[in-house]
Every structure is written in structure tokens, then in C-alpha cells.
Amino acid sequence: MSRHRVKAVSYDDDDYDEYDDGYDSQDPEEKEFLEECTREVLSQLAAGTPSVSATRDEVQEALWHYYNDVEKSVNYLKSKKTKEAGKMKPAAGKAKVTTTGPSPDDVVLNAQSSAKGFKSKQPASKTQGDKKDQAGLASDMGNLSVIEKVNVKSKNLDVISEYKKSKRKNAMNFVVIGHVDAGKSTLMGRLLADLKAVDQRTLEKYRREAEKIGKGSFALAWVLDQGSEERARGVTIDVAASKFETENTVFTILDSPGHRDFVPNMIAGASQADFAVLVIDSSIGNYESGLKGQTKEHALLVRSMGLQRVVVAVNKMDTVQWNKDRFEEIEQQVSAFLITAGFQTKNISFVPCSGISGDNITRRSEDPNVSWYTGGTLVEELEATEAYSHALEKPLRMTIGDVFRGSIQHPLSISGRIDAGCLQIGDQVYTMPSGETATIRSLEVDEEPSEWAVAGQNVVLHLANIDPIHLRSGDVVCHASAPITNISSFTCKVLAFDHLLPSMVDIHRGRLHVPGRISRLVATLDKGSGNVVKKKPKIVPPGVVARIVVEMDHAVPLEAPTRIVLRAGGDTIAAGLLE
Ligand code: GDP
């Protein structure tokens with residue numbers, strides 16, 4: 001598993017304090033090289049006439065911008081210092097940003113990115129400060145006009161035929177939903193451990209740590225959770241992502257938390273998922289309270305966001321001695337509910353299992369109490385999900401999940417999943433809403449270097465010829481030949497979670513959050529057929545599907561069919577598809 005692969009960047013010590021969990025953050029060779037360059041710049045600055053002094057941070061910031069070119073960094077710093085001396089202004093070095101720690105949203109985004117192995121160690125709340133610094137530095141550099149255009153040759157590959165030739169495994173993402181404590185993390189940890197997606201030494205380390213605090217069963221959950229704060233609390237507060245593979249498919253798990261406060265994180269997960277795994281705690285009392293709790297809200301949410309398939313893991317069956325009647329009772333009630341939520345029977349499957357013991361997860365249970373079950377294991381059910389037909393032939397669309405400094409060789413990188421179309425090294429891409437172009441210098445698919453990538457794949461693009469200030473998570477990457485347009489209002493079909501009235505709302509699309517308002521209630525619709533039930537309703541009650549018009553304060557890149565969520569006052573009030 002690769003969730004801890006960390007790219008090399010230099011940061012303040014306290015960045016490490018907050019996020020370091022024992023992994024070496026920088027390639028020793030890169031570190032040594034950066035040190036050498038830093039020493040060289042400092043000595044050239046000191047030896048110049050007049051001699052110039054700069055801090056190590058300033059030098060390394062300049063080296064970062066000039067791809068470690070010592071001469072350019074020296075020239076830049078000399079000119080900057082001379083200018084500053086002229087103006088008698090304090091140095092505009094890397095400002096110390098004071099923060100009170102990352103917000104929950106930032107924790108999620110950080111966790112999610114580092115889980116994918118994409119991310120630097122910057123706490124997200126510092127990123128903004130750093131972005132400002134970057135912007136300042138970039139504009140300084142712009143004034144000096146020494147930013148060079150990087151030429152990257154395209155091989156002009158026919159990417160779709162390359163993809164067809166390559167026999168790559170299917171790529172599928174799923175989101176894990178269910179009530180808090182249903183056993184989601186344990187179950188996913190079990191999948192990763194049994195499919196050898198996590199190395200045994202790490203697992204052993206977690207087992208020992210968990211036993212030390214008297215919570216041995218938590219070890220599996222920690223495979224997914226990360227950070228000591230969460231470990232101490234024993235709850236999954238982020239949307240962590242990890243990968244495992246079967247013979248035909250590479251699965252990415254987007255583990256969602258069951259806490260009410262963390263619905264926005266689940267939205268981030270669901271907006272990238274091909275299907276959902278709903279974890280139900282079958283134990284007496286917990287099943288009943290789970291059903292009243294987040295189970296229903298989550299299921300409705302993922303359905304209204306366009307997910308069609310759900311695999312239901314009826315978990316903790318060990319606590320009810322694998323009782324067949326219990327399983328059937330749960331199966332009946334949950335499927336009735338899922339069908340009312342709009343899932344089709346053929347797209348729902350149920351597996352009795354135990355995350356703790358591993359029964360019916362990757363191997364069939366040998367417990368005689370469950371001999372009555374003849375269906376597949378959880379993994380077999382996941383594999384039975386039909387490969388999602390990703391839109392390869394459509395125009396390129398990739399929503400930026402994260403913008404980061406990849407490494408010394410890759411000073412500006414973005415990560416995300418390609419929603420549609422394909423791309424290759426050398427492509428000129430267009431980012432919206434900024435409308436700026438960038439060149440793809442190189443790229444990675446599932447963390448392996450590649451010359452091209454197609455819809456459905458999780459990628460990291462290393463970019464050139466663009467200023468980082470034009471790139472933000474939530475922005476959309478496309479080709480200039482078929483750009484996405486920025487819109488400021490749209491019609492959507494949503495499921496109401498709360499009463500909907502013309503009112504202010506926040507519009508969420510994956511990582512994109514924009515303020516706006518519901519401007520019109522067009523009609524309420526039949527959940528199954530989608531036919532109009534009532535035109536121009538005054539109010540849409542919870543549980544009802546409706547067509548509404550939403551206006552936004554700023555134009556943003558959105559187009560149908562896109563999954564969107566509306567929130568107000570910290571609550572999800574509706575979710576659905578843009579029409
Ligand atoms: P999450 O909040 O849904 O991620 O739930 P966790 O994975 O953290 O599990 C919650 C609690 O249930 C922990 O104490 C687990 O050890 C326990 N648990 C998880 N799976 C099972 C299971 O299959 N059987 C039993 N008996 N307990 C389980």
C-alpha cells in the first residue's frame with residue numbers, strides 16, 4: 001500500500017511536528033542535492049560585490065522556483081535584495097503563517113491526498129499562506145521576467161488504442177458508508193491486510209501499538225486511519241483512500257466516516273465513487289440504532305449523487321452467531337429501504353461477514369453456523385460490479401483534487417481522477433475557471449510513471465508553463481479544443497434532505513464549494529419515474545425529489561451530468577445531478 005509515500009519538499013519544523021508519523025519525508029539524495037545548491041548560492045551571494053545576505057529559506061524558495069538552477073537563483077536574490085535595500089522594505093521571505101491548526105475539511109483533504117500518496121506534508125491551512133508567498137514570489141519573478149518557457153515534445157500517441165493494447169486492469173473507486181462504529185475501518189483494514197495491500201511489518205506495528213493501549217482490535221482499523229490523534233480517539237475522521245487489487249481490478253477505497261459532522265467528507269468520497277459499500281452492524285441494538293442514524297442518510301445521499309450499485313456488508317455477524325434469521329431480517333429491511341431510495345434490486349447484494357475474524361471477506365467462512373450461506377465473499381461481490389464505462393471518447397475533464405510541489409524535479413503538480421477523455425505528455429491543457437494554459441511535463445498513473453492516462457484513472461500531472469496561483473482544488477482541467485464553460489446558474493434534480501425553499505445555499509461539487517442560492521422550485525418529481533408530480537411547489541419537503549434552479553455568486557466550471565450537493569448552516573439539505 002502506498003498511502004504514506006511522501007513527496008520531497010522542504011518545510012518548517014513545525015510542519016513536520018503536526019503531520020510526521022515516522023516516515024522519512026525526503027529522499028536523502030534530493031536532500032543532499034538541495035543542501036549543496038543552498039551552500040553554493042549562499043557562498044556566491046556572500047562573495048559578490050556588493051555582498052548580499054539571504055536566509056536559507058529564501059535561498060531554498062528561489063531554488064524551488066528555478067528548478068535548482070544556482071545561477072538564476074543567485075541573480076534573482078541579488079536583484080531582489082538590491083531592490084529591497086533601495087526601498088528600505090523588510091525582506092519578503094517566507095512569512096511565518098500562524099494557524100490554529102487545520103480545519104476538519106483541511107484535515108480531510110490532507111488525509112485524502114496523503115492517503116493517495118500525492119501530497120506534500122503541508123497542513124492545508126498553511127497552504128493558503130504559502131500560496132500567497134508563492135504568488136508574491138511569482139510576481140516578483142514575473143517582474144524580473146526570467147521565467148522560461150519549458151518545451152515538452154508530444155509523441156502524439158493515439159491514447160485510446162494504447163489503452164486498449166495495454167490490457168490494464170479495470171480501475172474502480174468505491175465509497176464506504178454506514179453508521180459510526182459499524183466496523184467500516186476494520187472491514188477495509190481486513191481487506192487490505194488479507195489482499196496483502198499493506199505490508200506485514202506495518203500491520204504488526206499497529207497490532208503492537210493497539211495492544212499497548214488495550215485495544216487490540218483497533219489495529220486493522222488503523223490500517224485506514226492515520227495520525228496519532230485519531231488513533232487515540234479510535235474514530236475515522238477523514239476520508240482516507242487506499243488501494244488493493246484483485247486479478248482483474250484495482251480498487252481504490254474511499255473510506256467515509258460515520259460522524260454527522262463529516263458529511264462533507266463523504267460527499268468528497270461519493271463524488272469520486274463508482275459504487276458504494278454499505279456497512280451494517282448486525283449486532284443486537286446497534287443495527288436498529290444505525291438504521292435510525294446515518295445509514296439511511298448516507299444511502300440516500302450516494303443514490304441521489306448518481307451511484308447505482310451498493311454492496312451491503314452485514315458485518316459483525318460473529319456477535320449474533322451467524323444467525324440466518326437475523327441476516328434475512330436485515331436483508332429484507334435494508335433492501336426495502338434501498339429500493340425506496342431508488343436502487344434497483346439487481347444492483348444490490350448482501351454479504352454476511354465479520355471484519356474482525358475475516359470470515360466472508362476474502363475467504364469463505366468455515367464456521368458451521370454459516371453453512372446456510374451460498375453467496376460470494378465480499379471481494380467476489382466487489383468484483384462482480386460491472387466495470388464502469390468511463391467516457392474515454394469524450395472531451396478531457398479532470399477535477400483537480402490537490403495542487404502541490406511534487407519534488408525538485410516536479411515543482412508544480414496536480415492530482416485527481418480523470419472524469420472523461422484522455423491526455424498525454426506534452427499536451428497543452430486548459431484550466432478552468434482561470435482559463436490559463438499549462439504543459440504536461442510528465443505524469444503518473446496510480447503512482448507509476450506513464451506517457452498517457454485515460455478516464456477513470458487516478459493521476460498526478462507534473463505541469464510547466466503555468467503559475468501556481470491559477471490552480472486550485474476543484475478547478476477543472478480540459479483541452480483548449482473542447483473547454484468546459486463557466487456557468488453561474490443551473491437546473492438540477494435533487495433529493496431533499498430538509499425543507500427546500502428559495503434561500504442561500506453552498507454548492508459542493510467534489511472539492512469545489514461555492515456560495516449561491518436556490519432561486520426557483522420548478523417541480524416535485526416522482527422518485528421512480530421522474531415524472532412531474534407538482535409544478536411550482538412553494539416548498540419541497542424532506543425525502544422528496546425535485547427539479548430546482550440554483551444560481552451562484554461566481555461563474556464556475558460545471559456541466560451535466562455532474563453530482564452536486566447543497567448545504568446550508570452546516571447541514572446537507574439536498575443532493576443530486578445537474579441536468
Ligand atoms: P467505523 O467507525 O465504522 O470505522 O468502525 P470501526 O472499524 O472503528 O469499528 C468499531 C468497533 O467495532 C471497534 O471496536 C471494532 O473492533 C468493532 N468491530 C469491527 N468489526 C467487527 C466485527 O466484525 N465483529 C465484532 N465483534 N466487532 C467488530
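**Note on selected side chains**

1. Glu 444 is placed in strand β11, which spans residues 436-445. The model is a predicted one. Glu 444 has a relative accessible area of 9% and is buried. The side chain of Glu 444 makes a polar contact of 2.9 Å with that of His 462.

2. Arg 520 belongs to strand β18, residues 512-525. With a relative accessible area of 49%, Arg 520 is partly exposed, because the class of exposed residues begins over 50%. Leaving aside residues up to four places away in sequence, Arg 520 touches Ile 548 and Val 549. Ser 503 is 17 residues from Arg 520 along the chain, and their C-alpha atoms are 9.3 Å apart.

3. Eight aromatic pairs are present in the structure. One of them is the stacked pair of Phe 244 and Phe 251, at 5.2 Å centre to centre with 25° between the planes. Phe 244 and Phe 251 are both buried. Together with Phe 174 and Phe 275, these residues form one aromatic cluster.

4. Phe 327 and Tyr 373 pair edge-to-face, with 6.3 Å between centres and 70° between the planes. This pair links distant parts of the chain, 46 residues apart: Phe 327 is in helix α14 (residues 324-340), while Tyr 373 is in the loop between β6 (348-352) and α15 (378-383). Phe 327 counts as buried at 5% relative accessibility, and Tyr 373 counts as buried at 12%.

5. A charged side chain also meets a ring: Arg 303 lies over the face of Phe 343, at 5.7 Å from the ring centre.

Conventions
Residues are numbered from 1 along each chain as its sequence is written. This is a predicted model: local features need pLDDT of at least 70, side-chain atom pairs count only at pLDDT 80 or more; totals for chains, interfaces and linings use all residues. Side-chain values use heavy atoms; hydrogens and water are left out. Helices (H or I, at least four residues) and strands (E, at least two) are DSSP runs, numbered from the N terminus. Buried means under 20% relative accessible area, exposed over 50%, partly exposed in between (1.4 Å probe, protein chains only). A polar contact is a pair of N or O atoms within 3.5 Å; within protein, one must be able to donate a hydrogen and the other to accept it, and residues adjacent in sequence count only if both atoms are side-chain atoms. Contact means heavy atoms within 4.5 Å. Rings of Phe, Tyr and Trp (its six-membered ring) pair if their centres lie within 6.5 Å; planes under 30 degrees apart count as stacked, over 60 as edge-to-face and the rest as tilted. A charge sits over a ring if NZ of Lys or CZ of Arg is within 6 Å of the ring centre and within 35 degrees of the ring normal.
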